Structure formats: structure tokens, C-alpha cells
Amino acid sequence: MTEALLVLALPLAGALILGLWGHRPWAAEANSSVSLLTFLAALALTAHVVSMGPLTLLSELLFVDAFNVFLVTLTAFVGFTTALFSRVYMRVEQERGKLSPARLRLFHGMYQLFLFTMLLALIANNIGILWVAMEAATLATVLLVSLYRTPAGVEAAWKYFILCGVGIAQALFGTILLYLAAERVLGAGGTALLWTHLNEVKGELEPTVLGIAFVFLLVGYGTKVGLAPLHNWLPDAHAEGPTPISAVLSGLLLNVALYAVVRNKVLVDGALGTHAAGNLMMGFGLLSVIVAAFFLSRQKDIKRLFAYSSIEHMGIATFAFGMGGPVASFAGLLHMTAHSLTKSAIFFAVGHAAQKTGTQVIEDIRGLIHVSPAVGWGLMLGSIAILGIPPFGVFASEFLILTTAMRDHPWATPILLLGLGVAFAVIFSRVQAMVFGETTAQPLPHPPALFPVFIHLALVLLLGLYIPPYLAAWYRQAAAMIG
Amino acid sequence: MNAHTVTQLINLLAALMLLIAFAMLSQRRILRLIHLFAAQGAVLTLNTLLVAIALGQSHLYFSVALNLVLKVLLLPWILHRLIDRLNLRWDVETLFNVPTIMLVGIVLVIVSFNLALPISQLAGTITGGTLGIAMASVLISFLMMITRRKAVAQVIGFLAMENGLFFAATSATYGMPMVVELGIALDVLVGTFIFGIFFFQIRETFDSLDIHHLERLKERE
């Protein structure tokens, strides 16, 4: 009970303190500490839910079950490690004169606010509040994307704001339609938007309305997942914002948006009784994989390269949830976890690599391993993990998704394999050249924050080799709920 | 008032809503665009008030107040302040192909009516028939955002789209639950502030508020 409130209250309090107090030398440490406390509260919440089962609180406004509690833990964890990384990264940026104390204050305040909106979106029972939190997440991050005030940064932030704003407006329309259908069953007022109540009566909801609603919801939240053809904001926002923001956008925002899609899909599936929603998701997922594969090879900027890789992986996860069934949903959840951990680890390594060489252009980053073996290996191992090489966790989830696709939808397998193959060829060759070869890198004034990189990679390795029984049970529970 | 009169009045307001959406689509002056936006907010408030009176739904009075404060007074006031500070008060935008844009708008209206037909039959509210118009104003605002080159006009399009969504919520369901409505209002307000900050950032960086400066980030061959 208190844990769930703490999970929300801590980042909100952190945002207020860090945002209103003005920049202090200890702000970065305070940011990490608040994130650590949030993570501990999330762990306590997880322990509570695992032992006591799902819970609702605050007159059913909040709701924690097996599906969202694992995302809460993941979000709080990545939020914590990214805060650790940003402590060093932002200090280097400040000493190089790229950021003023006022901007750092904005960064810390908004960072905590972003974590708050993500956690609120996850544990909100009211799907209207879920929408409000998703929109607030855009608002919290948009000024961070333009933090450097470069022309490209301002442009990326504007694009992010407008595209995600328009996208999320579609999702609101979808939510209104869903409410229209729910109101007829549950009556007007409070309970008609509560997911727990909707889930109980999903079979009675009007199928026509829910079908149309899901199209709007998928397009709306799908914009934030980065699904093609509405993915345009994603590479720009990832490339132009500060690297900690790229890490949390890829590692958290995309996941939470996909969570919103899946939550709504459960209701729509129940009402329609057909596989239409799943088919739509499979279509968007495959399209994203194809589009990402096309654009990957053209990228000259290292952060854009990995941003397109995020589009590809979110496409794969969306495809998995679209297929549905216990195995595919299990694999989808595993893929979300593994991608989130790996991609943020990669962005940490990329951030330091870009600081060492003073550029994000792939061709100008060479021989990282000579100057800083740890950053070089971090980037290399991260890339190997994201490309789905065994024994990392991404391999396990992709293997499950591919075998399920082979069984249920054989026509889709070649497309997925082609996308994965192109990604492998492009990313591996680029990263290899960056890590080895003649060096252009310079040592940093502060030792790079490598603990987050390797702890993430170790976890992904663990997920690939051995999923602890309680974690597996938990995934299975969540997968059963998604259906 | 009997139910028939109320329905007639609601349909009238819905028609006004659509008319304003079309007027915004073709309006070149920023200042008049803001006036139109405020008028749209007023129509929206009146419509909500009418539904609230006709049905005695007490929670709707709350959203009437929220609409009046936010969309008729506060947001237009913020926009006025912004264009004063940015010296855009008399700005005139060149629009190309106004007839074509209007025709596309008409197509959008037809599409929305077709799409909304099965839903409004289900809605069964006295306002159900206006759902098509609500959907049309959302899509027309979307069209306006696509066709405009000035940042301020795009933002007004964005806010008009939110008006359309709110109109949809009142016509389909007599309004969303209070907590959601408050949350949406908060997001819109904060969003407008951030847009305001953005205008200054864009102008500082590009010396202009023309969006065509913001087209450099593209996929290079």
C-alpha cells in the first residue's frame, strides 16, 4: 500500500525539490539518491505483489498486478542507473561549457518528473489517467531534447512535440470511444474508465465501437512507441538530446507506450472475440522492422543508428504481442525487458564515446579500445547483445518470437529474419570500426560511469542464460493476463 | 425547454463549431486566428452548458467552468501575450491553394460522418448526432496543422484539435469523468506554456518563427 504511493511520491518530490530549489552542486547526487529510493520502493512493491497478489488503492485509481509491477521495477531500475550515468556525463558537459547551471536544474527537475509520469502511467487503473500521464511524459521530456539549444536540437524537440502531441490526441479520441462503449455497460461516472472494471465486463462492450477505438489507440500510442510510419520524431529526438535522455526515451518511454497499447488490446480482444487487434499490431510491427532495416544502413550518426535499432526492436515486440498466446506474450515481455536494459547500456557507452571523441559521427569515432578499454568493450558487448547473439537475453526472446511466428504465421518469418540480418550486418561492421582501429579518442576529465553499462549487460546475460524461477513465473502470469 | 428545442440548439452549436473550424483553415491573420479560437471555446462552453441544463448533470457544470476559464479566457490571453511579446500581432501568413485545402476539408467532413454514423446510433445521447461534426473538426484542425508554415498557427491548430476532442467527449458521452478532465486541462495548459517557451527558443535560434527552417533534420542520401 505505502510502497505504491512511495513509488509515485518520491520522484514527484524529487522533481519539486530539484526543480524549484535552483541548481546546487549536489543536485546530481540528490538525483541519483531519489532514483535509488524510488527503485527500493519499487522492489518493496514487487515483493508485496508477488506475495499478496494484485492490489488496488486510492479508491481504485491505482492498480498493481503482475503485468505492470515488473515494468515498474524495470522503469525504476533504469531510472536509477541512468541517474548514475548522467551524474558523470552531465558534469563533463558542464565543464565543457555546453550547459549552464540553469539548464542542469531544468534537466534534474524534468528528469524526476519524467520518471513520475512513467510510473504513474504504469500503475494508473484509470485509462484516462494513463493518457494524461503519457502526454505529461512528452511535456516533461520535450524541453530536455532541446537542452543544448542547437538549431538541430530545437528542431528535433519541435518535431517530437508536434508529432507526439498529434499522435496522443488520436489516443484520446480512442479513449473517448472506449468510454462511450463502457458507459453503456458500467454506467456513467467513475468506474467506466477503470481498467479492472472494464476487464470484468469486456465481453459485453460494443464490438464496433471498440474496433474503431483500437485503431485510434494504436495509432496514437503507436506514435510514442515509435512504430512506422509515425516514427519520424524518434531518431531526431534521440540524436539531438543529451545522452541520458536518449537512454530513458529508448529504455522507458517506448516500453510504457507499448504497455498502454497492450492494456487496451486486452479489452478490445475481449470485446471483439476475433484476432483483428492482434493482426493490426502485427502489421505495424512488421512495417517498423522493414522501415528500420531500410534506414539503418544510411545512418552516419551513432545515436541515430541505435535509435533506428530501437524502432526495429519495438516493432518486434509489438509483433510478438500481436501474435498473442502464452509463448509470444512471454517472449514480448522478455524482449521489452532485454531491449530496455541493453539499449540504455549502449547509449551510456555511446555517450561516453561521443564525449571522448567530441563527435557523434560514426566515421570520426575510431579505436575506442585503445583509450578506454571499458567503454570500447561496453559498446562492443552491448551491440553484440542487441543484435541477438547468444547467450544474451535478446537472443532468447527473439528465438521464441521467431519460432512462434514460424508455427503460426510462417509468411512473417522471412521478413523478421531479413530485418534482423540487415541490422546485424550494419551495426556490427560500424561498431567494430569504432571500437578497434587507429584511435581518435581523448581521455575524459572524469572517469566514465561504467557501472550502469556493465550491470545492465550482466542482467541481460543472466536473462539469456538462466531466468530465475520466480521471474519466469511472474512473466508467465503477466503473459496469461495479456492472452 | 423541451428535448426537441435542445437538440436543435445543440445541432446549431455543432454547425457553428464546424464553421469556425473551416474559418480557421483559411484565416491568414494570426490575430483573427486567436479570436476564432476563443470563439470556438465559447461555442464549446455553451454546448456543454446546454447539455448540463437539459440533463441536470451536475458534474458537467464543473467542466463548463473549466472550459470557460481555460479556453475562452486563459489560453487566448496567453496567446495574445505571446504574439505581443513576439511582435506577431499583425502578422499575415501566405497560404497556398486555399480552394484545394477547403475541398480536402469537405472530404474530411464526409469521411467523418460516414465513420461516426454507426457510433452515433449507439451513443443514444441527445447530442449523439453531433459526433460526426466533432470528428470532422478534429480532422480539419489536423489538416490545418499540416498546411501551416508558422509555428503559432500550428499551435492554434493543435489547441483547436483538443477543442474538437472535447466536443467529441461531450457529444458521445456527456463528458469524461472529472479526474480525467482535470488531467487533460492541466496537460493542455502546461503544453501551451511549453509551446510559448518554444517560440522564444525557435526565434532565438533561427531569427524567425517560420517552420521551414525546421526542416534540416532529414534522412540524407
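Student: How many residues does helix H17 of chain A have, and how far does the helix reach from its first C-alpha to its last?

Tutor: H17(A), residues 413-435, has 23 residues and reaches 32 Å, close to the 33 Å expected at 1.5 Å a residue. The expected span is 1.5 Å times one less than the number of residues. Helices here are DSSP runs (H or I, at least four residues), numbered from the N terminus. Keep in mind that this is a predicted model, where local features need pLDDT of at least 70, side-chain atom pairs count only at pLDDT 80 or more, and totals for chains, interfaces and linings use all residues. Residues are numbered from 1 along each chain as its sequence is written, and chains are lettered from A in the order in which they are written.

Student: Which residues of H17(A) are buried?

Tutor: They are A:Leu416, A:Gly419, A:Ala423, A:Val426, A:Ile427, A:Arg430, A:Val431, A:Met434 and A:Val435. A residue is buried if 20 or more other C-beta atoms lie within 10 Å of its own, exposed if 12 or fewer, and partly exposed in between, with C-beta atoms placed from the backbone.

Student: And what covers the buried residues of H17(A)?

Tutor: The cover includes helices H11 (276-296), H12 (302-323), H14 (368-371), H15 and H16 (393-408) of chain A. Just after H17(A), A:Gly437 takes a positive phi of about 90 degrees.

Student: You mentioned H15. At what angle do the axes of H15(A) and H18(A) cross?

Tutor: Roughly 30 degrees, and the axes of H15(A) (residues 373-386) and H18(A) (residues 451-465) come within 11 Å. That makes the two helices roughly parallel, a label for angles under 35 degrees. Axes are lines fitted to C-alpha atoms, for helices over the stretch in contact, and angles run from 0 to 180 degrees between N-to-C directions.

Student: Which residues make the contact between H15(A) and H18(A)?

Tutor: H15(A) brings A:Gly378, A:Leu381, A:Gly382 and A:Ala385, while H18(A) brings A:Val453, A:Phe454, A:Leu457 and A:Val460. Two residues are in contact if their C-beta atoms, placed from the backbone, lie within 7 Å. By class, this contact has 6 nonpolar, 2 polar and no charged residues. Ala, Val, Leu, Ile, Met, Phe, Trp, Tyr, Cys and Pro count as nonpolar, Asp, Glu, Lys and Arg as charged, and the others, Gly among them, as polar.

Student: New topic: is A:Phe70 buried or exposed?

Tutor: A:Phe70 counts as buried because it has 23 C-beta neighbours inside 10 Å. A:Phe70 is found in helix H3 (residues 66-95) of chain A. Leaving out residues up to four places away in sequence, A:Phe70 touches A:Trp474 and A:Ala478.

Student: What about the two chains, how many residues of each are in contact?

Tutor: 39 residues of chain A are in contact with 37 residues of chain B. On the chain A side, H5 (127-145), H6 (151-186) and H8 (207-225) are the elements that give two or more residues. H6(A) gives the most, with 17 residues. That side divides into 25 nonpolar, 7 polar and 7 charged residues.

Student: Over to chain B. Where is B:Thr192, and what does B:Thr192 touch?

Tutor: B:Thr192 is in helix H7 (residues 178-206) of chain B. Not counting residues up to four places away in sequence, B:Thr192 touches B:Leu75 and B:Ile78. B:Thr192 is partly exposed, with 19 other C-beta atoms within 10 Å.

Student: And where is B:Arg149?

Tutor: B:Arg149 is in the loop between helix H5 (131-147) and helix H6 (151-173) of chain B. B:Arg149 is partly exposed too, with 16 other C-beta atoms within 10 Å.

Definitions and conventions
Angles under 35 degrees count as roughly parallel, over 145 as roughly antiparallel, 65 to 115 as roughly perpendicular and the rest as oblique.
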